[in-house]
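Student: I've got a model open and I'd like to learn how to read it. Can you walk me through it, one feature at a time?

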Amino acid sequence: MLDRNEILRYMGATTGGDILGDMIDRAEKEVIAASRPKHVFKHIDIAVNIEKGKVNLAGTDIRSRDLAAHLNGCNEGFLFACTLGVGVDSLVKRYGLTEIYMLPVVQATAAAYTEFCADSAQKEIETYASRQSLYMRPRYSPGYGDFQLSCQKFIFDALQIPKNIGISLTDSFLMVPFKSVTAVIGLSSDPTQCHINKCMSCTAKNCPFRKENS
């Protein structure tokens, strides 16, 4: 079900033999079995000020030139969050204690499954966009470019994430369970930027994912 090449990229590998393939198959079965995917999203108004490098999301100003460039042309969109649940964290911890050689495979597989579940949950937003004759921008998460990780707090409060899907936020703005995603998704009447994947819209230059997608 999961993209084998994506899992390999998360591991920092380019190819994998039969042994690694069997390890990935095992990890995929266990990660899916341990997961309890949940998601929540909320429609919001968006106002972009390119000159000031600022975006207003549902009445809250966010200073980020990268986010402003990404959402330029969007007047509405969604705040979004998704998680695999605490079971996957427990699975990763168990492998770290018992079968350390499997740990990077399990972590990479869990990361790939997180993206898969987020993409699946996003289908509801795609349906809304289609009905409104709008085009959906790729997910853009706190931590991308100059979109500060501290902006997690705004998304958490707006979506009531702890209450709705059970994710908590640490003092350093990291999420628990760790295999979780938050994002802003813009909708635009202009399809120009809406085909660009999230790697191409991110400013990180030294990421192995970007090399294939740029």
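This is a predicted model: local features need pLDDT of at least 70, side-chain atom pairs count only at pLDDT 80 or more; totals for chains, interfaces and linings use all residues.

Student: Which residues is I24 in contact with, leaving aside its neighbours within four places in sequence?

Tutor: R4, I7, L8, V105 and T109. For another view of that, take V106: it is 82 residues from I24 along the chain, yet the two C-alpha atoms are separated by 7.5 Å.

Student: And is I24 buried or exposed?

Tutor: The idea is to compare relative accessibility with a cut-off, and buried means under 20%. I24 has 1%, so it counts as buried. Across the protein chain, 45% of the 214 residues count as buried.

Student: How do I check a helix, say α5?

Tutor: Compare its expected span with the distance between its ends. Helix α5 covers residues 103-121, and at 1.5 Å a residue its 19 residues should span 27 Å; the end C-alpha atoms are 27 Å apart, so the two agree. As for cover, 14 of those 19 residues are buried, which leaves α5 mostly covered.

Student: What about nonpolar residues in general?

Tutor: In soluble globular proteins, nonpolar side chains tend to be buried together. Here the largest nonpolar core has 34 residues, and V31, F80, V88, V106, I125 and L187 touch the most other members. Several elements give two or more residues to this core, including α1, α2, β4 and β8. The largest share, 10 residues, comes from α5.

Student: Which residues is V88 in contact with, beyond its neighbours within four places in sequence?

Tutor: V31, A34, S35, A110 and K179. Apart from this core lies another one, of 24 residues, with I44, L67, A68 and I155 among them.

Student: Now strands. Which way do β1 and β4 pair?

Tutor: Look at the sense of the pairing, then count bridges. Strand β1 (residues 38-49) pairs with β4 (residues 74-83) in the antiparallel sense, over eight bridges.

Student: How many bridges join β1 to β2?

Tutor: Four, and those strands run antiparallel too. N49 stands opposite K54 in β2. The hairpin of β1 and β2 has four residues between the strands, and G53 takes a positive phi near 60° there.

Note on methods. Residues are numbered from 1 along each chain as its sequence is written. Side-chain values use heavy atoms; hydrogens and water are left out. Buried means under 20% relative accessible area, exposed over 50%, partly exposed in between (1.4 Å probe, protein chains only). Contact means heavy atoms within 4.5 Å. The expected span of a helix is 1.5 Å times one less than its number of residues. Two strands pair if DSSP finds at least two bridges between them. A nonpolar core is a set of buried Ala, Val, Leu, Ile, Met, Phe, Trp, Tyr and Cys residues joined through side-chain atoms within 4.5 Å.
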